[in-house]
Amino acid sequence: MGYERAVFRSLGDLELAVEFGDRIDLALNFRVLALQRALRAAEVAGVRETVPTHRSLGVVYDPMRIRRRDLETLITELLDDLAELTEFPSRLLTIPIWYDDPWSQNCAREHGVPNNVEYLAETHGISAAEVIARHTGVLHWVSAVGFQPSTYQAVPLGEMRLSGPKYERPRKWTDPGIVCLAGNITSYYPVRSPGGYQLLGRTPLDLFDPLQRNAVFAAGPVLPRVGDRHRYVAIDGDQYHAIRAQVEAGTYEYQIEDGVHRLEEDHA
């Protein structure tokens, strides 16, 4: 639920969390984005960075330039005057995925767990093809980016009717490029790393590129942003390898459409 008033919590001695509720909800995420926009416009001396998440805004500050209580007072004043945010600029990124790819299959096998797509199909009483159809059948809203560079968390904009549990014991490794699911949240592994989400498939796209080989990374090596929407498209192995070759050569044209997303579209 959303809180009647925002709650302030300390994140060490250099960061403050401003919480708007205790659930993942697009309306709360819009409140987070509205406060981030207001803080940036206020150009507060001592505020170094803001980090939006599903339901809270992290505010990194310099305690030598602004005291914690003064920052809280300033944010409270901004919240009192904060206009309701009903729409937000939103890029639509198309992400091709080779669902139930060989890397995901091998990862599950090496960790002694069931094939993840087949597991999701069994628990929902549907086919593997229907798992893919449900995941690709809705757009997904990126409401947090972090944990690792480009590890986003995206929630479905609409009824997906697909969810999966996290593993009680995380995997020791997951191949880079894997797209995964836990609850109804879709995420992504940018590098080989541990993890416990259900593996859906692998994208040939780089969403994190420290070498910035493609023009899409001109502003920085991390592509996903909070407020992006994702369209997932199923591809086969031949398409995967063809796209991957273009990505590695720096010639792939990322499919990104500028647009606006309105809150009323999900809360009609």
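1. Start with strand S4, residues 56–61, in this predicted model. S4 is mostly covered, with six of its six residues buried. Buried here is under 20% relative accessible area.

2. Which residues sit on each side of S4? Ser-56, Gly-58 and Val-60 take one face, while Leu-57, Val-59 and Tyr-61 take the other, and both faces are covered.

3. Now the neighbours of S4. Strand S2 (residues 15–21) pairs with S4 in the antiparallel sense, over five bridges. If you want a spot to check in the viewer, Val-18 has Leu-57 of S4 as its bridge partner.

4. Strand S3 (residues 47–52) also runs antiparallel to S4, and this pairing has five bridges. Here Val-47 stands opposite Tyr-61 in S4. The link from S3 to S4 is a hairpin through three residues.

5. Over to helix H4, residues 116–124. Its buried residues are Asn-116, Val-117, Leu-120 and Ala-121. Why do they lie on the same side of H4? Because they cover an arc of only 145° around the axis.

6. Last, have a look at the two ends of H4. At the start, Asn-115 has a side-chain oxygen within 3.1 Å of the backbone nitrogen of Val-117. Just after the helix, Gly-125 adopts a positive phi of about 70°.

Terms used: Residues are numbered from 1 along each chain as its sequence is written. This is a predicted model: local features need pLDDT of at least 70, side-chain atom pairs count only at pLDDT 80 or more; totals for chains, interfaces and linings use all residues. Side-chain values use heavy atoms; hydrogens and water are left out. Buried means under 20% relative accessible area, exposed over 50%, partly exposed in between (1.4 Å probe, protein chains only). Helices (H or I, at least four residues) and strands (E, at least two) are DSSP runs, numbered from the N terminus. The arc is that of the directions from the helix axis to the C-beta atoms. A polar contact is a pair of N or O atoms within 3.5 Å; within protein, one must be able to donate a hydrogen and the other to accept it, and residues adjacent in sequence count only if both atoms are side-chain atoms. Two strands pair if DSSP finds at least two bridges between them.
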